[in-house]
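Here's a quick tour of a protein fold, written for someone just starting out.

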Amino acid sequence: MSFHREKLKGAILFIASHSSVRELGLTKLYKLLYFADVAHLREHGETITGSEYIKYEHGPVPSRGEKCLRQLKRDRALETEKIQFGGYEMIEIRPLRSAEESHLNPDEIETLQSICRALGGETAKALSDLSHREPAWLVAERLEKLSPELMLYGAEEDPDGL
């Protein structure tokens, strides 16, 4: 799996500007990216972004996600702001321009569309809880990379847990 910086940035902007995605904070963004990458991996044999994911308390986080967010902010493609939301502090993400789809192929766009429509209305907590059922997240130690091999398998394929 090789990392594709422009595809990760494009996927971030795609998710942030999708009409089905509401109340987008950092945790929710990272979970939507994870679910898009694993859905694409399971369907097409490779992820969209080539990102490695790290196990954090609230679920998988793309290893270069923060760096790409900083680049997008510097390029004035999006902005972030700490706000209070539902009793929690949230880093809200707002797009300032549409996704750079030229770096995403039609299959990748279709996967992102599908994930945004299916999960974009969920809360960050619901997506976090869903990610905690993923075998790759369950097996990894805290701050360890998730196994790309285990990312191929979803929770529905291991209903009794590992």
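What follows goes from the overall layout to the hairpins and then to the helix packing.

This is a predicted model, where local features need pLDDT of at least 70, side-chain atom pairs count only at pLDDT 80 or more, and totals for chains, interfaces and linings use all residues. Residues are numbered from 1 along each chain as its sequence is written, and side-chain values use heavy atoms, with hydrogens and water left out.

**Overall layout**

- The protein has seven helices and four strands; helices (H or I, at least four residues) and strands (E, at least two) are DSSP runs, numbered from the N terminus.
- Walk along the sequence and you get the pattern α-α-β-β-α-β-β-α-α-α-α.
- The radius of gyration (taken over C-alpha atoms) is 15 Å, close to the 15 Å that the globule rule gives for 162 residues, so the protein is as compact as a globular protein of that length. The globule rule is 2.2 Å times the number of residues to the power 0.38.
- Along the principal axes, the C-alpha atoms fill a box of roughly 45 × 40 × 25 Å.

**The two hairpins**

- Strand β1 (residues 53–56) pairs with strand β2 (residues 59–62) in the antiparallel sense, over four bridges; two strands pair if DSSP finds at least two bridges between them.
- β1 and β2 make a hairpin with two residues between them, and Ile54 sits opposite Val61 in β2.
- Strand β3 (residues 78–85) and strand β4 (residues 88–95) are also paired in the antiparallel sense, over eight bridges.
- Glu81 has Glu92 in β4 as its bridge partner, while Gln84 has Glu89 in β4.
- The hairpin of β3 and β4 has two residues between the strands, and Gly86 takes a positive phi near 60° there.

**α2 against α3**

- Two packed helices are described by the angle between their axes and the distance between the axes. Axes are lines fitted to C-alpha atoms, for helices over the stretch in contact, and angles run from 0 to 180 degrees between N-to-C directions.
- α2 packs on helix α3 (residues 65–74) at about 115°, with the axes 12 Å apart.
- α2 and α3 are therefore roughly perpendicular to each other (angles under 35 degrees count as roughly parallel, over 145 as roughly antiparallel, 65 to 115 as roughly perpendicular and the rest as oblique).
- The crossing of α2 and α3 is right-handed; a crossing is left-handed if the near helix is turned anticlockwise from the far one by less than a right angle, and right-handed if clockwise.
- Leu26, Leu29 and Tyr30 in α2 meet Gly65, Glu66 and Leu69 in α3, where contact means heavy atoms within 4.5 Å.
- That contact of α2 with α3 has four nonpolar residues, one polar and one charged (Ala, Val, Leu, Ile, Met, Phe, Trp, Tyr, Cys and Pro count as nonpolar, Asp, Glu, Lys and Arg as charged, and the others, Gly among them, as polar).

**α2 against α4**

- The axes of α2 and helix α4 (residues 106–119) come within 9 Å and cross at roughly 130°, so α2 is oblique to α4.
- α2 goes past α4 in a right-handed crossing.
- Residues of α2 that meet α4 include Phe35, Ala36 and Ala39, and those on the α4 side include Thr111, Leu112 and Ile115.

**α2 against α5**

- α2 (residues 26–44) and helix α5 (residues 124–131) have axes that come within 9 Å and cross at roughly 40°, and the two are therefore oblique to each other.
- The crossing of α2 and α5 is left-handed.
- Among the residues in this contact are Leu32 and Phe35 in α2, and Leu127 and Leu130 in α5.
- By class, the contact of α2 with α5 has five nonpolar, three polar and two charged residues.
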